[in-house]
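Here is my note on the model, as numbered points. Please read it with the structure open.

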Amino acid sequence: MSADTKGWSRRRLLVASGLGVAGGSVLAAAEARARPDTERALPPGRPGQDYTPVVVPNGSKLPWKLVDGVKVFHLVAEEVEHTFAPGLQARCWGYNGRVHGPLIEAVEGDRVRFYVTNRLPAPTTVHWHGLLLPNGMDGVGGLNQRAIAPGETFQYEFTLRQSGTLMYHSHHDEMTQIALGMVGLFIVHPREAPRGPRVDRDFAFMLHEWKLDPGAKRPNPNEMTEFNLLTLNGKAFPGTAPMVVRTGQRVRIRLGNLGPMDHHPIHLHGYQFRITETDGGRVPESAQWRDTTVLVPVGSTRTVEFVADVPGDWAMHCHMTHHVMNQMGHGMPNLIGLKPEGFDEKVRALLPDYMTMGHTGMGEMEEMGMPVPANSIPMVGGQGRYGGITMGGMFTVLKVRDGLTSYKDPGWYENPSRTLSQLAERAALARDGIDVHANPGVVDDVDA
């Protein structure tokens, strides 16, 4: 056998061996998944000791108790009276009296047991979205299990074999039950301390969209395109709570999207962040990238991290403009540029309270304080430090402050002198040669 032939054979042998090892690992993993999930779990992870608990603005967490080394949880699927924002309530479906369902928090290696009681008027299930578990615990009605009938309690049990930002939701009549609010976040912390610096503030948000007509008391689960209420943890601005952070702290924001139809580009002002996780787990540091907006697709989670090193009140919101409005009126005529002088007086002869709105945009609606139908709120509007904030829906505020001693809302930020945009002074205009009555024009960009 020639040297070249020997070398080729050796290479082939090494490749074949490598493939064999890789194939064996894949087969072993598949066999482990196929076996009954009865392997001994690791000692239960403890909050504050093994992980930093997640913060859920406007939200809640599911309590658990320890029984023979197993973390035991109880979910109750039921109708819920929910407030989206002051003045806007609806009858939704959720878990344990909340929309969205309480956040579940555990640690990789924990053995968990869930009892699910159905107090709805219809069958339901719970699917553990993104979790690696035995097939019979996956929760797809009719496929993996019989649906849970009204009045029944089912049991799910498995060992957590991954970490990351995951979710749970009904997987029976999904169009109805997800649209009415039967979703929640499932956070699994890593068993071992993560590489790199530990985060100080760990926030979690569920993104969702609804169709709730003004005056209605029940979201419409049959809507497919024209959603008019967009929420963070079940709240629409101005009902959203801020994220409060001390200057210099490392911050993590987890975002999950189980809304019916729309993806959401979530934009954070004032910072660049790294995209560190998907629902597939931690992104290797070499593959992370810096951004200021992260797209959260339907059925997915995304996690970002940054150091909050600049004080202030920083907006975080979906960048789809109709997603930062409340109960948007589709089919409205375009009144931009209309001159209502004389028109309003004529109409008031028939409708005494009539006032033309929308002819200068939607921002005027926040300022006018016009009456709205029962159980509805204005399309935009919340009060800020310097006036009305003409946004709604998926909008909240990151409040970064020096020297915080608690995480209560610190109020609005007082900008230091010379760091606040304000009315230009005449002396400054004259100094810089700015004539406010002239049009400075543009310079054509000519390719030389």
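Is R401 buried or exposed?

1. R401 counts as buried, because its relative accessibility is 9%. Buried means under 20% relative accessible area, exposed over 50%, and partly exposed in between, with a 1.4 Å probe and protein chains only. R401 is found in strand 23 (residues 395-401). Among its contacts are V245, R246, D313, W412 and Y413, leaving out residues up to four places away in sequence. Contact means heavy atoms within 4.5 Å.

2. Some ground rules. This is a predicted model: local features need pLDDT of at least 70, side-chain atom pairs count only at pLDDT 80 or more, and totals for chains, interfaces and linings use all residues. Residues are numbered from 1 along each chain as its sequence is written, and side-chain values use heavy atoms, with hydrogens and water left out.

3. Overall make-up. The chain has five helices and 23 strands. These are DSSP runs, numbered from the N terminus: helices are H or I of at least four residues, strands are E of at least two. Of the 448 residues in the chain, 45% are buried. Take the contacts between residues at least 6 apart in sequence: 73% join residues at least 24 apart.

4. The largest nonpolar core has 27 residues. A nonpolar core is a set of buried Ala, Val, Leu, Ile, Met, Phe, Trp, Tyr and Cys residues joined through side-chain atoms within 4.5 Å. F114, W128, Y156, F158 and F186 touch the most other members. Elements giving two or more residues to this core include strand 2 (70-85), strand 3 (88-95), strand 4 (104-107) and strand 9 (183-189). Apart from this core lies another, of 25 residues, with L230, M243, V245 and V400 among them.

5. Look at F114 itself. Its contacts include L62, F73, I104, W128 and F186, not counting residues up to four places away in sequence.

6. Strand 4 deserves a look. I104 and A106 point one way, E105 and V107 the other, and all are buried. Strand 4 runs parallel to strand 9, joined by four bridges. Two strands pair if DSSP finds at least two bridges between them. The bridge partner of I104 in strand 9 is F186.

7. Next, the hairpin of strand 2 and strand 3. These strands pair in the antiparallel sense over eight bridges. H82 has A90 as its bridge partner in strand 3. Two residues lie between the strands, and G87 takes a positive phi near 95°. Six of the eight residues of strand 3 are buried.

8. A five-stranded open sheet has the order 12-23-20-14-18, with mixed pairing. Strand 12 (243-246) and strand 18 (293-296) are the edges, each pairing on one side only. The twist averages 20° from one strand to the next. Strand 14 (residues 264-268) and strand 18 run antiparallel and share four bridges. I266 has V294 as its bridge partner in strand 18.

9. How many cavities of 30 Å³ or more does a search of the whole structure find? The answer is two. A cavity is a set of points, on a 1 Å grid over the protein atoms alone, where a 1.4 Å probe fits but cannot get out; lining residues have an atom within 4 Å of a point. The largest cavity has a volume of about 120 Å³, a volume being the space filled by probe spheres set on the points. It is lined by 14 residues, of which V56, G59, H100, G101 and N233 are the closest to its centre.

How values were computed. Axes are lines fitted to C-alpha atoms, for helices over the stretch in contact, and angles run from 0 to 180 degrees between N-to-C directions. On a 1 Å grid over the protein atoms alone, a cavity is a set of points where a 1.4 Å probe fits but cannot get out, and a pocket is an open set with protein on both sides within 12 Å along at least five of seven lines; lining residues have an atom within 4 Å of a point.
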